[in-house]
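Have the viewer open as you read.

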Amino acid sequence: MRNNLNNTQYIKAKSEDTNLEVSQILERVYKALAEKGYNPVTQIVGYIMSGDPTYITSHNGARSLIMRAERDELIEEALTYYINNKFIKKK
């Protein structure tokens with residue numbers, strides 16, 4: 001089979017991860033960190049506090065995934081979940 005050198009090959013990127021919500025990003029990053037033996041909470045906090053993506057493993061694309069969300073969005077998501085599950089449900 002001969003390649004046609006006059007045509008450009010087109011590779012379509014997977015679109016399944018393009019519309020992830022912040023909660024889905026956190027879940028996937030958490031799982032990737034746990035799979036690699038890290039403490040996911042301390043690693044994610046380190047990333048949020050410093051902005052240094054090396055706190056997040058590149059396993060399963062977690063590092064590039066977490067950089068899709070702004071750090072303030074990650075904090076907002078975590079805090080909203082905490083408040084909704086810790087305080088609001090107790091009433």
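1. Start with T57: its side chain comes within reach of the backbone nitrogen of H59, at 3.1 Å. Keep in mind that this is a predicted model. T57 itself belongs to the loop that runs between α2 and α3 (62–66).

2. Is T57 buried or exposed? Its relative accessible area is 10%, and the cut-off for buried is under 20%, so T57 counts as buried. Leaving out residues up to four places away in sequence, T57 touches A32, L33, K36, Y38, A62 and R63.

3. Next, have a look at S64, which sits in helix α3. A polar atom of the S64 side chain is 3.1 Å from the backbone oxygen of G61. To place S64 in the fold, take V29 as a reference: the two are 35 residues apart in sequence, yet their C-alpha atoms are 9.7 Å apart in space.

4. Helix α1 covers residues 22–35, and it packs on α4 at about 90 degrees, with the axes 9 Å apart. The two helices are therefore roughly perpendicular to each other. On the α1 side the contact is made by V22, S23 and L26, and on the α4 side by E73, L74 and E77. Sorted by class, that gives three nonpolar, one polar and two charged residues.

5. Then there's α2 against α4. Here α2 is residues 40–50 and α4 is residues 71–86; the angle is about 135 degrees and the axes lie 9 Å apart. That angle makes α2 oblique to α4. What is the handedness of the α2 and α4 crossing? It is left-handed. Y47, I48, M49 and S50 are the α2 residues in this contact, and they meet R71, L74 and I75 of α4. By class, the contact between α2 and α4 has five nonpolar residues, one polar and one charged.

Technical notes
Residues numbered from 1 in each chain as written. Predicted model: local features only at pLDDT ≥ 70, side-chain atom pairs only at ≥ 80, totals over all residues. Heavy atoms only, no water. Axes fitted to C-alpha atoms, helices over the stretch in contact; angles between N-to-C directions. Helix = DSSP H or I, 4+ residues; strand = E, 2+ residues; numbered from the N terminus. Parallel < 35°, antiparallel > 145°, perpendicular 65-115°, else oblique. Left-handed = near helix turned anticlockwise from the far one by under 90°. Contact = heavy atoms within 4.5 Å. Nonpolar A, V, L, I, M, F, W, Y, C, P; charged D, E, K, R; others polar. Buried < 20%, exposed > 50% of the residue type's maximum accessible area, 1.4 Å probe, protein only. Polar contact = N/O pair within 3.5 Å; in protein donor to acceptor, adjacent residues only side chain to side chain.
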